[in-house]
Amino acid sequence: MKLFLPAICLMFLTVFSSQAQTTPAPSTNPFPSISTLTNWASLNSQSQFDIAIRAVGFKFEVKEPGAESTAYTYIRKVTVNEVNYTDRIVYRITNNNSASIISLVTASTDLVSLYTPQLASFKNNNCKTEMSKDKNTTCSCYESANFAIDLCDERVKLTMGDGNKYFVSVAKK
């Protein structure tokens with residue numbers, strides 16, 4: 001009887017651990033909503049942004065101080081449909097905390113299809129950004145009372161074929 005209980009526990013542990021190892025990783029790649037991005041852009045605090053962004057799987061990569069603003073870059077490695085990608089998000093905050101910009105770049109998910117329906121309440125503007133001037137990039141620019149949002153789809157020439165890189169920028173005014 002003394003060996004029976006540990007043997008049963010070991011059997012359950014083996015069964016449950018083998019199931020955990022064979023469970024496939026999700027093939028979806030969830031991104032924060034426009035509402036979440038605008039909330040993050042309103043934080044004006046890198047430490048608060050750091051906590052929020054780590055919750056969706058990003059890890060701190062580099063801090064780049066500048067004359068007027070400081071940029072904090074975060075990355076995450078994801079696999080979608082058995083293809084590996086690196087997603088990058090940059091949080092740039094002015095040195096006097098008056099404004100912040102969040103830029104998200106990925107090739108793993110079509111951000112245009114994901115974010116366009118969420119921008120229905122924003123005013124659609126003419127794009128005057130540097131990216132929109134590139135012939136390989138299609139951008140849509142939106143504006144509300146407090147935020148300017150650029151949403152771009154860039155055709156990228158890759159060594160093994162063509163691909164798309166998606167970009168969204170949320171800037172607090």
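This is a predicted model: local features need pLDDT of at least 70, side-chain atom pairs count only at pLDDT 80 or more; totals for chains, interfaces and linings use all residues.

Reader: What is the phi of N97, and how should I read it?

Author: The general idea is that most residues other than glycine have a negative phi. N97 is not a glycine, yet its phi is positive, at about 60°. N97 is also partly exposed, with a relative accessible area of 41%. Another residue to look at is N81, in the loop between β2 and β3. N81 has a positive phi of about 50°, and it is not a glycine either. With 61% relative accessibility, N81 counts as exposed.

Reader: Now to charges. How many salt bridges does the structure hold?

Author: In general, side chains of opposite charge can pair when their charged atoms come close. Here there are five salt bridges. One of them joins R88 and E61, whose closest N and O atoms are 3.4 Å apart. R88 belongs to strand β3 and E61 to strand β1 (residues 59–65), so this pair ties together parts that are 27 residues apart in sequence. R88 is partly exposed, at 33% relative accessible area, and E61 is partly exposed too, at 38%.

Reader: Which residue forms a salt bridge with R76?

Author: That is D87, and the closest N and O atoms of the two are 3.1 Å apart. R76 sits in strand β2 (residues 69–80) and D87 in strand β3, so the pair ties together parts 11 residues apart in sequence.

Reader: Is D87 buried or exposed?

Author: D87 counts as buried, because its relative accessibility is 0% and the cut-off for buried is under 20%. D87 has another side-chain partner: a polar contact of 2.4 Å joins it to the side chain of T106. As for R76, its charged end sits over the ring of F31, 4.7 Å from the ring centre.

Reader: What about K165; which residue does it form a salt bridge with?

Author: K165 pairs with E154, with 3.7 Å between the closest N and O atoms. K165 lies in strand β8 (residues 161–172) and E154 in strand β7 (residues 147–158), so parts that are 11 residues apart in sequence are tied together. K165 counts as partly exposed at 36% relative accessibility, whereas E154 counts as buried at 19%.

Reader: On to rings. How many aromatic pairs does the structure hold?

Author: A pair of aromatic rings is described by the distance of the centres and the angle of the planes. This structure has four such pairs. F49 and Y74 form one of them, edge-to-face, at 5.5 Å centre to centre with 70° between the planes. F49 is in helix α3 and Y74 in strand β2, so the pair ties together parts that are 25 residues apart in sequence. F49 is buried, with a relative accessible area of 0%, and Y74 counts as buried at 0% too. Y74 also pairs edge-to-face with F60, at 5.5 Å centre to centre and 75° between the planes. That pair links strand β1, which holds F60, to strand β2, which holds Y74, across 14 residues. F60 is partly exposed, with 35% relative accessible area.

Reader: Which residues do the ring pairs link into a cluster?

Author: The cluster consists of W40, F49, F60, Y74 and Y91.

Reader: Back to F49 and its helix. Which residues of α3 are buried?

Author: In α3 (residues 46–54), the buried ones are F49, D50, A52 and I53. Their cover includes α2 (34–42), β1, β2, β3 and β4.

Reader: Last topic, the nonpolar core. Which residues of the largest one touch the most other members?

Author: Of its 27 residues, those are I89, Y115 and V168. The elements giving two or more residues to this core are α2, α3, β2, β3, β4, α4 (111–115), β7 and β8. The most comes from α2, which gives four residues.

Key. Residues are numbered from 1 along each chain as its sequence is written. Side-chain values use heavy atoms; hydrogens and water are left out. A polar contact is a pair of N or O atoms within 3.5 Å; within protein, one must be able to donate a hydrogen and the other to accept it, and residues adjacent in sequence count only if both atoms are side-chain atoms. A salt bridge is a side-chain nitrogen of Lys or Arg within 4 Å of a carboxyl oxygen of Asp or Glu. Buried means under 20% relative accessible area, exposed over 50%, partly exposed in between (1.4 Å probe, protein chains only). Contact means heavy atoms within 4.5 Å. A nonpolar core is a set of buried Ala, Val, Leu, Ile, Met, Phe, Trp, Tyr and Cys residues joined through side-chain atoms within 4.5 Å. Rings of Phe, Tyr and Trp (its six-membered ring) pair if their centres lie within 6.5 Å; planes under 30 degrees apart count as stacked, over 60 as edge-to-face and the rest as tilted. A charge sits over a ring if NZ of Lys or CZ of Arg is within 6 Å of the ring centre and within 35 degrees of the ring normal.
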